[in-house]
Amino acid sequence: MRRVEHVMGFPVSVRIDDEDFPEAPVDALFAWLREADARFSPFRPDSEVSRLDRGEVSEPSPGLREVLDLCEEYRIATGGAFDARLPGRGLDPCAVVKGWSVQKGAELLRAAGARRFCVNAGGDVIASGGPWRVGVRHPERADRLCAVLDVTDRALATSARYERGDHILDGRTGRPATGLLGMTVVAPTLTEADTVATAAFALGVEGVAWAAAREHCEVFAVDAGRRVLRSAGFPVAEAPAPGRASRKPTRRTGGPTHRVRGVADGVAPPAAL
Amino acid sequence: MKRAIPVLVLSVAGLIPLWRYAPSHETGSSPAPAQVAAPASTPSVSSSGGTTTTVVSGSLVDTEKGPVRVEVTFDGDEIASVRMLRQPDHPQTTAAVPRLIEETLQAQSADIDTVSGATITSDGYRESLQAALDAKG
């Protein structure tokens with residue numbers, strides 16, 4: 001089963017390979033994401049986040065409390081580089097809300113019995129079961145990948161500037177973080193992967209080692225000089241033998257193998273830039 | 001959870017690989033390699049040629065994993081950098097110091113199930129790899 005809906009301003013693609021999986025839990029996932037958007041978006045004047053920021057809410061709901069606690073945890077862990085309350089700006093917990101809410105949504109699927117599924121929320125991925133072949137978009141070429149991973153029961157998130165420009169600020173300076181072209185983090189949950197990726201991106205080059213030192217986190221970073229720095233445990237997929245037309249599908253549940261449109265057939269030999 | 005005690009040490013230790021490839025963060029007074037001889041066992045302060053850069057070496061602290069000493073460079077009142085001058089030669093800490101592999105950036109294509117990338121807008125989605133994968137069903 002596949003479903004794509006647009007929530008929070010980005011597309012959310014759900015693919016569930018379990019046979020005869022019902023629609024209702026997927027409906028519940030999207031309903032939850034729309035609720036999270038309504039409650040936690042700083043761009044909606046009537047959201048709980050906006051009302052809290054204006055002093056109209058005295059006590060945050062348990063959900064918002066969780067989000068704010070995560071913001072504070074990462075602000076401290078990054079020495080202020082990651083900060084949901086930048087001077088002169090309103091409260092903006094988006095960096096935490098996205099991964100956190102999608103993770104909670106995926107847990108609705110799991111609770112309903114889904115075992116082999118993949119949720120892609122605007123480039124952030126939760127892979128349940130596996131192995132899933134996950135590409136990391138090349139930071140400068142939208143039709144190319146800079147890494148291919150084999151991922152089982154993990155989440156990964158990428159922070160970069162190529163889609164939304166300099167939207168991640170280094171809270172220590174208030175200026176856009178420009179030390180990295182891209183930062184991808186693999187972690188047990190998307191809550192952690194997304195927040196660590198954003199926080200590491202805000203930290204810049206020093207964020208690479210910072211993220212890699214976190215327990216259960218694997219990183220793949222491209223610095224401003226187009227150099228890749230990755231942790232030893234980053235789950236890079238085994239390269240197919242040269243000359244092979246394509247990888248044979250080996251997944252339990254079969255299903256079609258997908259080829260990226262506009263990309264040469266088969267696995268092109270990696271081309272160094 | 002092994003986080004409780006080593007976390008401060010490890011967050012500092014995690015920075016070690018950084019000095020090998022991020023010389024722009026170095027102030028003029030601290031171009032030294034990652035491992036240097038241990039300085040005096042009491043904290044010592046030395047000023048650089050500039051007016052604000054101060055390097056402070058911490059005292060040698062015995063932890064249950066072994067001796068630890070850090071050096072902090074202050075730029076005014078702010079911490080500019082932290083270096084681990086000495087870290088325990090203990091498997092647990094050694095393993096926790098991230099080993100980073102340096103590679104050349106590649107541009108490849110391959111059979112994949114899904115794509116991770118920076119948060120894409122709904123507008124940008126139409127032209128994206130992920131849209132192509134979703135459309136293929």
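A disulfide is a pair of cysteine sulfur atoms within 2.5 Å. The views below show a predicted model.

**View 1. The cysteines of the model form zero disulfides over all chains.** The sulfur of A:Cys94 has its closest cysteine sulfur in A:Cys71, at 9.4 Å, which is too far for a bond. For A:Cys217 the closest cysteine sulfur is also in A:Cys71. Here the separation is 17 Å, so this pair too is too far apart for a bond.

**View 2. Helices α1 and α4 of chain A cross at roughly 155°.** Helix α1 covers residues 24–40 and helix α4 covers residues 94–111. Their axes come within 9 Å. Because of the crossing angle, which is over 145 degrees, α1(A) counts as roughly antiparallel to α4(A). The crossing is right-handed.

**View 3. Side-by-side residues of α1(A) and α4(A) make the contact between the helices.** From α1(A) come A:Pro25, A:Val26, A:Ala28, A:Leu29, A:Trp32, A:Leu33, A:Ala36 and A:Phe40. From α4(A) come A:Val97, A:Trp100, A:Ser101, A:Val102, A:Lys104, A:Gly105, A:Ala106, A:Leu108 and A:Leu109. The residues of this contact divide into 14 nonpolar, two polar and one charged.

**View 4. A:Ala232 lies in a loop of chain A and is in contact with chain B.** The loop runs between β12 (227–231) and β13 (271–272). A:Ala232 is partly exposed, with a relative accessible area of 38%. Leaving aside neighbours within four places in sequence, A:Ala232 is in contact with B:Arg99 and B:Ile101. Within chain A, the C-alpha atoms of A:Ala232 and A:Gly135 are separated by 18 Å. These two residues are 97 residues apart along the chain.

**View 5. Chain A has six helices and 13 strands.** The chain holds 273 residues, and 55% of them count as buried. Among the contacts in chain A with a separation of 6 or more, 57% are between residues 24 or more positions apart.

Methods:
Residues are numbered from 1 along each chain as its sequence is written. Chains are lettered from A and ligands numbered from 1 in the order in which they are written. This is a predicted model: local features need pLDDT of at least 70, side-chain atom pairs count only at pLDDT 80 or more; totals for chains, interfaces and linings use all residues. Side-chain values use heavy atoms; hydrogens and water are left out. Helices (H or I, at least four residues) and strands (E, at least two) are DSSP runs, numbered from the N terminus. Buried means under 20% relative accessible area, exposed over 50%, partly exposed in between (1.4 Å probe, protein chains only). Contact means heavy atoms within 4.5 Å. Axes are lines fitted to C-alpha atoms, for helices over the stretch in contact, and angles run from 0 to 180 degrees between N-to-C directions. Angles under 35 degrees count as roughly parallel, over 145 as roughly antiparallel, 65 to 115 as roughly perpendicular and the rest as oblique. A crossing is left-handed if the near helix is turned anticlockwise from the far one by less than a right angle, and right-handed if clockwise. Ala, Val, Leu, Ile, Met, Phe, Trp, Tyr, Cys and Pro count as nonpolar, Asp, Glu, Lys and Arg as charged, and the others, Gly among them, as polar.
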